[in-house]
Amino acid sequence: MELNKLLAKDEGDAKSRAISQCIRSGAEGYLSTQYNTIAKMAGSVGILLFFIFLFRSATPPGDAFKVTNLEYSLITLIAFCVGALFSAASGYVGMWLAVRVNSRVAAAAAKINYSDALILALKGGLVSGTLVVCFCVLGLTFLFCFLHLYFGSESYVTPKIPNMLVGYGFGASLVALFAQLGGGIYTKAADVGADMVGKIENNIPEDDPRNPAVIADLVGDNVGDCAGRGADLFESITGEILGAMILGVQCAIDAGISNPVTFMFFPVMVHAFDIVISSLGVALVRPRGTKHVIDPEKPEPDDPTATMEDPLVTLERGYNISLGCAMVVLGCLCRWLLHHEDAPNAWLRFYFCALSGVVTAFLFVQFTKYYTDYNYQPVKKIASASLTGHGTNVIAGLAVGFESTFLPTITVGSTMIFAYHMGQSSGLKDLKTGAPVGGLFGTAVATMGMLSTAVYVLAMDTFGPITDNAGGIVEMSEQSEQARIITDRLDAVGNVTKATTKGYSIGAAFLASFLLLRAFLDLVEEFTGETTSTINLTIPEVYVSGMFGAALIFLFSGMAMTAVGRAAQEVVKEVRHQFEMKPGIMDRTETPDYERCVAIVTAASLKEMVRPGVLAIGGPILIGVVFRIVGAYTGRPMLGIQCVASMLLFSTSTGVLGALFLNNAGGAWDNAKKYVEAGFAGGKGSLAHQASVTGDTVGDPCKDTAGPSLHVLIKLLSTITLVACPLFLPHRS
C-alpha cells in the first residue's frame, strides 16, 4: 500500500522523467550484468560446498537423527542458494525503489515543497528496509519449517536445525560482498572521474549536464549505496539471527529447558516487530517550522528551508520514537519467550542485555553524527584546514578518521562485556556442572537490541542516495535555484545518514562476528566432541595466523582502493577525450555521450571486483587447510581450528577499526566540502573549495568502497569458517 502511494506521486516534467529514466536504465542494466557474474561465481562456490560436506570425514552433528552426508550436503546447498537469492533480492529492491522515488522527490523540490521531498525520500527507504527484513525472516522461517517437515517434529530434531542453516548465512554474505564491492567500485570510479575533470579541471558544478560522467555518477549512487547496502544489512541481520539461534539453543539445552524453540526464535520475533516499530517511527516524522511561501516580487532566490528545522533533527526524532518502541517490545518479548520457572529473573537480565544494545545503537548514531556532520567541530576543522591547501585538508581528514575509532570501540566493547556478565547472572545453570550458561546468549540478545530498529536505519541510509539523485535531476533538468537549495540541504543530511548506517553496520558486524565465532567453536564441538573454548596465542602458528588475518584486511582494502583508482582512470580519460573532441559541450551546443561512461564503469567495476572477492573466500580456507596438515604431521590435530579461530579474532578487530576509520574519514571529507560550498571560506570556486574537493576525492573510495566492503568481509570470513568447518578438522575414520 505504501509503495502504491509512493508510485502515485508526480514524477515531474518531461525533462526530469527522461533523466530519471536514464538513471533507471543504467542501474538496472548494471545490476543485471553484475548478478549474472555473481550467479556464476555463486554456482561454483555452491558446488564446492556440496562436495566439502559430501566427502567430509568428521562426525556430522546430525548423527543423532541419522543425517547422511548426502542429505547434509543437499541441505547446505539449498540453504546457500536461498540465502544468496534473498541477498540479491534485497539489493535489487533497494535499487528498484530508489530509481523510482528519486524523480518524485525532485518533483516535490521543484514545487518548493520541502516537507514532501523529505517524507517521500524517507518513505522510499522504509519500503526498501521493510522488504529486506522480511526477506531475512521469511528465508530462515521457510528453511526451518522445511527441515522440520523433512526430519519430523521430535524433540531431538529442533536443536540440530540451526547448525544446518549456516549455508544460508554464507550465501547471503557471498552475494553481499560482491554487491557491495562491485557497486562501491562503480559509484566511486564514476564520482572521482566526474569530479576530477568536471569540478577541478573545467570548473563546472556538481551534477552539471555538461559532464559526460554525470549519469554514471548518479547510477553509482543506486548500485553502491542502495543495492550494496541492502545486501549488506540483509547479511548482517542474517548472520546475527543464525548466531543467536545457535547460542540460544545451546544455552537452553545446557540449562535443561524442555522447549528450546522460544530461545531459538527470539531473534526472529525481534526482527518481525522491527518492521512495525520502524514503520511507526517513519509515520510520525513531520518536519517542524514555518512553511515557505513564494514571493513573486522578490527577484533573487531565497532559501525555502530557512524557517524549517534541520532535516537531521526531523529524522532523528522518528528514530528516537522507534528506539522507545523497541525498548517496550523487547521487554515484552523477553518476558514472553525467555522466562524460565527455575530462573524467574532470567528474562529481566536478558532484557537489560537488550537495552544495552539499544543504547549502543543510539550512541553509534551520535558518534557518527559528531564526526561527519558539518555542524560539529571535526568537519569544521577539515574545512578550516582547506584554507591552507590540499595537503593540510588531507592531513586533517586522516586525523579525524583515526580519532573517530576510539569512542565506538569503547562503547561496543563495554556493551559486550556488560551483556556477557548480565547473562551469566541470569540464574540459568548447566545441569551437569552447575556453572552459569547465559553469558554468550546475553551478548546475542544485546546484538538483537542493537539491530531492533534496523528497518528505520536502512530507511535513513536509502534516504541519502535518493536525495542525491534528486539533486542531480534538479540540476540537469534546470529547475529553480530554490529547488536546488532544498535538494542540497537534504543531500548534506543524506551524507550523515549514510555514514550513520555504516557505523551502525560495523557495530552490528562486530557483535555478529563474535556470535559467529562462538557458533563456529560450538560446531567444532558438535563434530569432534572436544571442547574448544580457548585460543592459545602462545603457539607460534596460532599467533601468525592471527597476523595473517589482520594483514588480509589491509590487503583487501588496498585491492579495493586500487580497483577504484584503475576504474577512475578510465573514466577520467574518457571524459577528457569527450571534452577535447566535443568542444561544444561547454557552451551546450553539443551533447556528451553519457552511455559511453556508463559502459566503461560497468565493465571496469565487474572486472575489478573479482580479485578482492577471491582473496576473501580463499584466505581463511587456505589458512585452515595448511595448518590442519601441519597439525596432522606434528601431532596437534586441532591446530587448524586454533589457527582459523585466531585468524577470525585478528581480522575482526582489525576490520572493525579499519572500517570505522575509512567510513568516518570519508564522510567528514565529503561534508567539509559541502560546508565550503555552503559559503565558508569563499564558497564554490575558491581555493579552499578546490582543496576540499581533493579531500572528498580521497575520501570517496574510503567511505563508499573499502569501508563498507569491510563490513561484509568480516562476517563473510565468519560464515566461511562455519560452512568450511569440515576442511579444518582432524581426519577421523
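At 7% relative accessibility, Asp-670 counts as buried, a class that takes in residues under 20% relative accessible area, whereas exposed means over 50% and partly exposed lies in between (1.4 Å probe, protein chains only). Salt bridges that share partners place Asp-670 in one network together with Lys-188, Asp-191, Lys-502, Lys-673, Asp-696, Asp-700, Lys-703 and Asp-704, a salt bridge being a side-chain nitrogen of Lys or Arg within 4 Å of a carboxyl oxygen of Asp or Glu. The model is predicted, so that local features need pLDDT of at least 70 and side-chain atom pairs count only at pLDDT 80 or more, while totals for chains, interfaces and linings use all residues. Residues are numbered from 1 along each chain as its sequence is written, and side-chain values use heavy atoms, with hydrogens and water left out.

Because Lys-703 belongs to helix α20 (residues 687-723) and Asp-670 to helix α19 (residues 639-677), the pair ties together parts that are 33 residues apart in sequence; helices here are DSSP runs (H or I, at least four residues), numbered from the N terminus. Lys-703 is also buried, with a relative accessible area of 4%.

A search of the whole structure finds 26 salt bridges. Among them is the one between Glu-11 and Arg-104, whose side chains meet at 3.6 Å, N to O. Glu-11 lies in the loop between α1 (2-7) and α2 (14-54) and Arg-104 in helix α3, so this pair connects parts that are 93 residues apart in sequence. Glu-11 is partly exposed, at a relative accessible area of 23%, whereas Arg-104 is buried, at 7% relative accessibility. Another salt bridge joins Glu-608 and Arg-566, with the closest N and O atoms 2.8 Å apart. This pair links distant parts of the chain, since Glu-608 is in helix α17 (residues 594-608) and Arg-566 in helix α16, 42 residues apart. Glu-608 is buried, with a relative accessible area of 12%, and Arg-566 is partly exposed, at 35% relative accessibility.

Helix α16 (residues 540-581) also contains Val-542, which is buried, with a relative accessible area of 0%. The C-alpha atoms of Val-542 and Met-647 are separated by 8.0 Å, although these residues are 105 apart along the chain.

On the surface, Leu-70, Leu-74, Ile-78, Phe-142 and Phe-146 form a nonpolar patch with about 440 Å² of accessible area together. Patches are made of residues with over 30% relative accessible area and no salt bridge, nonpolar side chains (Val, Leu, Ile, Met, Phe, Trp, Tyr) being joined within 5 Å and like charges within 9 Å. Helices α3 (69-110) and α4 (114-151) each supply at least two residues of the nonpolar patch, and α3 gives the most, with three residues. Leu-70, found in helix α3, is partly exposed, with a relative accessible area of 44%.

Helix α4 also comes together with helix α8 (residues 311-337), their axes passing within 12 Å and crossing at roughly 45 degrees. The two helices are therefore oblique to each other, a class left over once angles under 35 degrees count as roughly parallel, over 145 as roughly antiparallel and 65 to 115 as roughly perpendicular. The crossing of α4 and α8 is right-handed, meaning that the near helix is turned clockwise from the far one by less than a right angle.

Note on methods:
Accessible areas come from the Shrake-Rupley method with a 1.4 Å probe; for residues, only the protein chains shown count as cover. Axes are lines fitted to C-alpha atoms, for helices over the stretch in contact, and angles run from 0 to 180 degrees between N-to-C directions.
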